[in-house]
Amino acid sequence: MRPFLQAIFDGLASGAIYAALALALIMVHRATNIPNFAQGELAMLSAFVAWELQNRGFRPFGIDSMPWVVAFIMAILISFVIGFVIERAIIRWVEAAPPLTLIIITLGLFFVVNSGAGQMFGTVTKIVQTPWPTSPLQVGGAIISWDTIVLVAVLCAALGLVFALFRYTKLGLGLRGASMNAPSAKLVGISVGTMLGVGWGLACALGAIAGTMSAQTLGLQPNIMGSVLVFAFAGAVLGGLDSPVGAVVGGLTVGLLQAFLSTYWHPYGNSLSLVIAFGLIAVVLLLRPNGIFGRPPVVRV
């Protein structure tokens with residue numbers, strides 16, 4: 001019973017990180033209909049921003065350091081601005097380009113952000129201090145860290161806010177309209193360009209949650225989100241690239257699958273985790289391209 005329960009806790013720990021990043025991938029895909037391969041690196045950059053604010057503060061205003069919670073919120077806000085600027089300064093000029101062009105641009109952003117973070121912050125792993133206890137909890141003989149508990153709680157809150165945004169606000173309606181039918185959205189007065197920028201900003205803000213919340217567990221360094229992006233993308237594809245709920249369910253499922261394979265297929269499960277993730281992506285795209293919660297596009301003939 002203990003190995004089974006420990007596998008669940010380990011799966012939740014990694015799956016919550018995948019789910020948070022998958023949710024960010026969904027936001028960009030809904031805005032531009034392409035996968036953003038730089039999403040993981042932007043999340044890593046957000047984690048470094050939070051670390052800088054927490055340890056060095058904001059010197060122009062005479063602030064030497066910030067509490068972790070304040071640094072976390074500031075990193076989310078700064079990440080939103082970064083995402084908005086990237087879309088308005090770069091992506092907007094190639095909105096009508098073929099999807100391959102947009103994908104290549106996001107890959108270029110991946111390398112620029114990764115190498116830039118290495119130059120600015122160094123490659124030595126940073127230690128992140130958080131306000132909750134470092135000693136884990138014991139449940140039924142298995143252990144679960146406070147990092148996992150807090151991350152799952154924040155993830156549920158973020159999912160609830162995204163649901164409320166798209167369901168009950170004019171901004172959410174504008175985002176949905178701009179992503180589904182841009183020409184019609186323009187006819188009813190929606191600023192499609194602004195909505196696309198907001199979509200990228202929200203994606204970077206959600207990615208900031210994944211990067212900042214996982215920095216203590218994974219260790220903060222420029223390559224922290226490299227493999228995480230693969231598993232997050234697998235979760236997004238599994239859940240459906242147009243479903244926020246599917247992104248969370250898919251990310252948690254991938255994390256649990258990885259944990260159970262590592263526990264009950266030792267030692268091959270852990271070493272083959274990336275292969276299994278790519279295999280999962282291929283199987284889902286072949287059997288159900290829209291994912292578990294995704295809906296096939298409706299085309300009017």
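Predicted model: local features only at pLDDT ≥ 70, side-chain atom pairs only at ≥ 80, totals over all residues.

Student: What comes just after α8?

Tutor: Gly 219 follows, with a positive phi of about 90°.

Student: Is α8 largely enclosed or open?

Tutor: Burial is the thing to read here: a residue is buried under 20% relative accessible area, exposed over 50% and partly exposed in between, using a 1.4 Å probe and protein chains only. In α8, 23 of the 27 residues are buried, so the helix is largely enclosed by the rest of the structure.

Student: Can we try single residues? Where is Gly 83, and what does it touch?

Tutor: Gly 83 is in helix α3, residues 68–89, and is buried with a relative accessible area of 0%. Contact means heavy atoms within 4.5 Å. Not counting residues up to four places away in sequence, Gly 83 touches Gly 197, Trp 200, Gly 201 and Cys 204. From Gly 83 to Leu 206 is 123 residues in sequence and 11 Å in space, C-alpha to C-alpha.

Student: What about Leu 25: buried or exposed?

Tutor: Leu 25, in helix α1, is buried, with a relative accessible area of 4%. Beyond residues up to four places away in sequence, its contacts are Asn 36, Gln 39, Leu 229, Ala 232 and Phe 233. Leu 25 and Leu 206 are 181 residues apart along the chain, yet their C-alpha atoms are separated by 9.0 Å.

Student: How do I read a nonpolar core?

Tutor: In soluble globular proteins, nonpolar side chains tend to be buried together. A core is a set of buried Ala, Val, Leu, Ile, Met, Phe, Trp, Tyr and Cys residues joined through side-chain atoms within 4.5 Å. The largest one here has 74 residues, and Leu 21, Leu 206, Met 213, Leu 220 and Met 225 have the most contacts inside it. Helix α1 gives the most to this core, with 14 residues. A second, separate core has six residues, including Ala 50, Met 66, Ala 71 and Ala 75.

Student: Which residues does Leu 220 contact?

Tutor: Setting aside neighbours within four places in sequence, the contacts of Leu 220 include Met 44, Phe 48, Trp 51, Val 124 and Lys 126.

Student: How do I tell a cavity from a pocket?

Tutor: On a 1 Å grid over the protein atoms alone, a cavity is a set of points where a 1.4 Å probe fits but cannot get out; a pocket is an open set with protein on both sides within 12 Å along at least five of seven lines; lining residues have an atom within 4 Å of a point. Grid points are joined across faces, edges and corners, and a volume is the space filled by probe spheres set on the points. This model has four cavities of 30 Å³ or more.

Student: What lines the largest cavity?

Tutor: The largest cavity holds about 80 Å³, and its lining includes Met 27, Arg 30, Phe 166 and Gly 199. Helices α1 (2–32), α6 (170–180) and α8 (192–218) each supply at least two of its lining residues.

Student: And the second largest cavity: which residues line it?

Tutor: Its space is about 70 Å³, and among its lining residues are Phe 231, Gln 258 and Ser 273. Gln 258 lies in helix α10, is buried at 15% relative accessible area, and touches Ser 14, Tyr 18, Phe 231 and Ser 273, not counting residues up to four places away in sequence.

Student: Finally, which residues lie nearest the centre of the second largest pocket?

Tutor: Of the 24 residues lining that pocket, Asp 10, Ala 13, Ser 14, Thr 148 and Thr 217 lie nearest its centre. The pocket has about 440 Å³ of space, and α1 gives the most to its lining, with seven residues.

Technical notes:
Residues numbered from 1 in each chain as written. Heavy atoms only, no water. Helix = DSSP H or I, 4+ residues; strand = E, 2+ residues; numbered from the N terminus.
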